[in-house]
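Dear colleague,

Please find the structure below, together with its sequence. A short account of the two ligand sites follows it.

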Amino acid sequence: MRFINSYAHLPEPFYQRIDPEPVAAPSLIRLNRPLAERLELDLPEDDADLAALFSGNRLLPGSEPIAQAYAGHQFGQFVPQLGDGRAHLLGETVNKAGERFDIQLKGSGRTKFSRGGDGRSPLGPVLREYVVSEAMHAMGIPSTRALAMTSTGQPVFREAELHGAVLTRVASGFVRVGTFEYFAARRMEDAVRQLADHVIERNHPSASQADNPYLALFEAICSAQAELMARWMCVGFVHGVMNTDNTAVSGETIDFGPCAFLDQYDPEAVFSSIDHFGRYAFNRQPTIMAWNLACLGGCLIPLLDDDESRAHTAGEAVLERFIPAFAAHYTQGLCSKIGLPGDDESFALARGLLDLMRRNGTDFTNAFRALCDAQTDPAPFTALFATNEEIRHWLDDWRARLALTGSVGTARETMRSATPAFIPRNHRIEQAIQAAEVGDFTLVDRLIEVLRRPYEDQPENAEYAAPPRPEERVEQTFCGT
Ligand code: AMP
Ligand code: MG
């Protein structure tokens, strides 16, 4: 195993060198073995040894733990100092294929960035992040990964006394928009440049070939985020806290706090208990990302051109392409969900279906999934709508368009790979968390297994595709900070 740490070789203001705080009685809840294999980690066999490693009680050989500095706009307000207040970056591994991964513990104790927090995480949010981040990855959506979770044997105190846990997560990089903001707000131009060079080398190497590498970096980040937003919008993912410190420049989904997937289609859905004004509502996510990227652009201005006004013009031109780029990906993605090519007419048809779904409170995932078989068997699809007349009209238009675009034969497969059969439904996560709180991890394990193959039908797990019954519905999610 090669364990290096390129971030720890950046100068001191980028982080604090600090070891995780040991925990009382670590116990392994789960190790993601396929991921450990991909990372080519040389791990001990014994569960107690694994628990010691993934709780921070013992360090992986060669690791140099650090807490990363970052700032961020939280709900639109700039906070100049956030940083890893409960996370430790252990280091970076490179596998034989040359893939590089950062390994980080979350919930691993206090750092100088803890600001009065306890540095810990309750079990529930650790389980949610494990389940949802792995589900995202299995759906093919860029995301940080979950390598392991351990319970600490120590209580954490929130609104109640809860079990503590540590998540081990893996990313192609943990640099956030807020990391750039940290140095830009302090007018540390050299540090902004060093950070940009690090991110180019690490996440966007092709930018180094461009005439203006920093402009190309900004463009690459915007382009990755445009695609990511389209992917979220096509699976009904609501991130919940799209603060700039929760926006990774790698283009990976990061920080699964009060996130949720839509059950019934509601474009204005908000789940987070702290999002009182719907800033991060489902349908606002692409616009909010544009806002976050504007913050990033502001930090990069000094690097873009010696002439400030030319730098602004260049940065704004990149930013202006973000929404059109998102729209192109979204058009393609949404049209695939109805088995059609990504053209304007097909998109209008798909939008028409979304509108019917909104008015009928239809389950977002199940409607698209039922549509996969609607050419031969439309009944399960139409049964999801109360407005029978309208949905039959829609189906007629859809069939006509399938024929016109020559998509009759390909539509089913297109749709089946554009809409998962299984998403991490909030009520299932909640049930799994509740069982885990009393020491029963079977529901968590089962949920993780089902979600490893989200596009397969798995009739034996059909109940995991069902929307919540009214009494099972979870209206709010909490971040557990
Ligand atoms: P989050 O809401 O998880 O994105 O965290 C926002 C900021 O609060 C980050 O700087 C975290 O490190 C910090 N933070 C969250 N929870 C804790 C905690 N329990 N102890 C210390 N810092 C925390
Ligand atoms: Mg965060």
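Taken alone, ligand 1 exposes 480 Å², of which the protein buries 88% (accessible areas by the Shrake-Rupley method with a 1.4 Å probe).

Please note that this is a predicted model, in which local features need pLDDT of at least 70 and side-chain atom pairs count only at pLDDT 80 or more, while totals for chains, interfaces and linings use all residues. Residues are numbered from 1 along each chain as its sequence is written, chains are lettered from A and ligands numbered from 1 in the order written, and side-chain values use heavy atoms, without hydrogens and water.

The magnesium ion, ligand 2, has Asn246 (OD1) and Asp255 (OD) as its protein donors, 1.9 to 2.2 Å away (donors are N, O and S atoms within 2.8 Å of the metal, or 3.2 Å for Na, K and Ca; water is not among the atoms, so sites may look incomplete). Asparagine 246 and aspartate 255 are both buried, that is, under 20% relative accessible area (1.4 Å probe, protein chains only).

With kind regards

Technical notes. Buried < 20%, exposed > 50% of the residue type's maximum accessible area, 1.4 Å probe, protein only.
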